[in-house]
Amino acid sequence: MGTTSNGKSTTDTNGFSEQERAAMKERAAELKKEASRGRGNKAAADEADVLSAIGRMAEPDRMVAERIHAIVTGNAPGLSPKLWYGQPAYARKGKVVCFFRSGHGDKERYSTFGFTPEANLDDDSGLWPTSYAVTGLSDRAEEAIAAHVRKAVG
């Protein structure tokens with residue numbers, strides 16, 4: 001089995017890397033867990049799952065994910081925290097709007113904060129960013145994330 005320069009498998013009998021298969025299995029388990037929850041405790045249980053996933057992250061991703069969680073929940077209280085492929089995400093009416101992906105968990109040199117097509121980020125220029133590389137959060141970066149989140153739900 002060959003590998004790329006970042007250590008990811010280039011060949012596989014199913015066409016997916018080991019990490020991709022693990023993420024798909026994790027997502028299937030999330031969907032099964034969501035379906036089994038009653039409506040009353042779902043939001044609290046989903047947020048507990050997100051906080052637990054953040055707590056298991058290696059530093060510095062854990063610190064970044066904690067700050068992003070606070071920024072998103074503080075600036076978009078209408079978004080509900082939930083796991084998405086085992087990573088923290090924030091949804092409106094069950095559809096993910098934005099998410100955080102741990103770089104350490106993905107064996108990448110940076111983490112990612114991104115938006116799905118559910119986010120209201122469209123720009124008249126026809127060009128807008130949908131994800132950002134994150135290695136740390138300066139005050140300026142936190143302000144930018146907050147602004148993007150507010151626009152995404154606006």
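Visitor: What percentage of the residues of the chain count as buried?
Guide: This is a predicted model. Of the 154 residues of the chain, 34% count as buried. The accessible surface of the chain is about 9,300 Å², and carbon and sulfur atoms account for 52% of that surface.

Visitor: How many helices and strands are there in the chain?
Guide: The chain has 4 helices and 5 strands. Along the sequence they follow the pattern α-α-α-β-β-β-β-β-α.

Visitor: And contacts? What share of those between residues at least 6 apart joins residues at least 24 apart in sequence?
Guide: That share is 45%.

Visitor: How does the lining of the largest pocket divide into nonpolar, polar and charged residues?
Guide: There are 9 nonpolar, 11 polar and 7 charged residues in that lining.

Visitor: And the second largest pocket, which residues lie nearest its centre?
Guide: Lys 42, Asp 46, Ser 80, Lys 93 and Gly 94 do, out of 11 lining residues. Helix H2 (39–55), strand S1 (80–84) and strand S2 (87–92) are the elements that give two or more residues to this lining. By class, the lining of the second largest pocket has 3 nonpolar, 2 polar and 6 charged residues. Its volume is about 200 Å³.

Visitor: Changing topic: how many aromatic pairs does the count come to?
Guide: The count comes to 3 aromatic pairs. One of them is Trp 84 with Phe 99, a tilted pair at 5.2 Å centre to centre with 55 degrees between the planes.

Visitor: Why does that pair tie together parts that are apart in sequence?
Guide: Trp 84 lies in strand S1 and Phe 99 in strand S3 (residues 95–101), so the pair links parts 15 residues apart in sequence. Trp 84 is partly exposed at 23% relative accessible area, while Phe 99 counts as buried at 13%. Together with Tyr 85, Trp 84 and Phe 99 form one aromatic cluster.

Visitor: What about Phe 113 and Phe 115, what is the angle between the planes?
Guide: The angle is 80 degrees, which makes the pair edge-to-face, and the centres are 5.2 Å apart.

Visitor: Is Phe 113 buried or exposed?
Guide: Phe 113 is buried, at 1% relative accessible area. Phe 115 counts as buried too, at 6%.

Note on methods:
Residues numbered from 1 in each chain as written. Predicted model: local features only at pLDDT ≥ 70, side-chain atom pairs only at ≥ 80, totals over all residues. Heavy atoms only, no water. Nonpolar A, V, L, I, M, F, W, Y, C, P; charged D, E, K, R; others polar. 1 Å grid on protein atoms, 1.4 Å probe; cavity = no way out; pocket = protein on both sides within 12 Å on 5 of 7 lines; lining within 4 Å. Points joined across faces, edges and corners; volume = space filled by probe spheres on them. Buried < 20%, exposed > 50% of the residue type's maximum accessible area, 1.4 Å probe, protein only. Contact = heavy atoms within 4.5 Å. Areas by Shrake-Rupley, 256 points an atom, 1.4 Å probe, with all protein chains shown as cover. Phe/Tyr/Trp six-rings, centres within 6.5 Å; stacked < 30°, edge-to-face > 60°.
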